[in-house]
Amino acid sequence: MTVTTDFPLSARLRDVRGSAIRDLLTLTARPDVLSLAGGLPAAGALPRERIAAAAERALRAPASVQYGETAGLAGLREVVAAHEAQRLDRPVAAGDVVVTSGSQQALDLLARAVVDPGDPVVVEDPVYVGALQVFQAAGADLHGVPLDADGMDLDALERLLRGGLRPRLVHTVSSFHNPRGVTLAAERRARLAHLADRYGLLVVEDDPYGLLGFEGAPPRAMRADEADAVIYLGSFSKTFAPGLRVGWVLAPHGVRDKLVMASEANQLCPSSFTQMTVAAYLGTHPWREQVKAYREVYRERRDAMLAALTDLMPEGTTWTVPAGGFYVWATLPEGLDAGAMLPRAIGERVAYVPGAAFYAHDSADPAARRSLRLSYCYPTPEQIREGVRRLAGVVEAELEVRASFGLTAPSRGGAGYPEGSEPGLP
Ligand SMILES: Cc1ncc(COP(=O)(O)O)c(C=O)c1O
């Protein structure tokens, strides 16, 4: 969306796509719309009385309402370090952890620390929109690398590297991808680490969903085997509560120090109150228990989404089968356009995010326009089924128009998104 203003705007933000996140959250708040769009955790499953008790305990300490260390409060950094030492199967000291206001801020601080305007940055194609916005705002020269069922296509990445590209960062959502739902295969993790070593790359392992796998142990983080080249971003948003805005970074030392400086310039320090609340909560309700509770909720919802797609979607629709996380990536039958179809879907009271919103540049893949992201994290299994039922009706109506006129159905409001609802978002 282009904003007209009488005031000059910074070149840094002028070309960044409009805030999609805000617009879509507005849309999903409409009670009559069943939203399969947002990546909102099932916070209704949280024991809020226990959080209230933890917040009260936190507030009893004067430090909770005081400024704190820029890198984060010692108590929380110890909790995170102990968890990461177990997850990464290697020692992690509290001093290695930099606490951020969610991993979204970590991405922004990283871009400030490492990327100058014009610097190449490699992202996945499609990419998490929040990362896209950060790197666009930093003026990065974005290079998209396609994904398949096993995650980033490393042959494509290697071709870019052999061709002389030297990206400042390679961003990957390695486990239960947002938006594709796929996971980087173990051998590709090893190969990416090898490429990082060989070409002197910094890999950003953006991992908010890693613990939310439905089958067996979480995928082994790349940071476990390649601490010198991998910047690991963790978050309590998807495994606890996004409203508390607590995430963290593990980075090679030189980068870590710059991140702390960038954080100081940006916010002085993260919220003491929310850090202490998280630490107090996890002191009595250990993380594993919290994650386990969420995993059960999301597995049930993923199953409800897959069953509804199988039972209800017209022939010719395909989708990914995520082994964890929040998202299914669906591709509509030939000839349809998920962006053009959105106004009709909203009219039928169902929302999704068109796939085209997740590409750094117009995709060369003809299936990109037919794709959409469906989230199963927030709605109940019954709502998911009803949402897919409405969506299937919309797709069928589009197919009928196409069969009658040989065209994609004209959408009210033109070929884009309805006014004020251009998508994006967590
Ligand atoms: C891949 C990825 N990274 C980062 C974030 C930002 O999460 P937060 O800032 O809430 O930790 C999200 C949110 O959806 C995400 O999907």
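**Cavity and ligand shell**

The largest cavity has a volume of about 70 Å³. This is a predicted model, with local features needing pLDDT of at least 70 and side-chain atom pairs pLDDT 80 or more, while totals for chains, interfaces and linings use all residues. Residues are numbered from 1 along each chain as its sequence is written, and side-chain values use heavy atoms, with hydrogens and water left out.

A cavity here is a set of points, on a 1 Å grid over the protein atoms alone, where a 1.4 Å probe fits but cannot get out; lining residues have an atom within 4 Å of a point. Volume is the space filled by probe spheres set on the points, which are joined across faces, edges and corners. Searching the whole structure gives 1 cavity of 30 Å³ or more.

Which residues lie nearest the centre of the largest cavity? They are D207, L211, Y232, S235 and W248, out of 13 lining residues.

Now the ligand. There are 14 residues around the ligand, and S103, Y209, S235, S237 and R245 come nearest; near means a heavy atom within 4 Å.

A side-chain N or O atom of Y209 is 2.6 Å from a ligand oxygen. For K238 the distance from such an atom to a ligand oxygen is 2.8 Å, and a polar side-chain atom of N178 also lies 2.8 Å from an oxygen of the ligand. Alone, the ligand exposes 400 Å², and the protein buries 96% of that, by the Shrake-Rupley method with a 1.4 Å probe.

Methods. On a 1 Å grid over the protein atoms alone, a cavity is a set of points where a 1.4 Å probe fits but cannot get out, and a pocket is an open set with protein on both sides within 12 Å along at least five of seven lines; lining residues have an atom within 4 Å of a point. A polar contact is a pair of N or O atoms within 3.5 Å; within protein, one must be able to donate a hydrogen and the other to accept it, and residues adjacent in sequence count only if both atoms are side-chain atoms.
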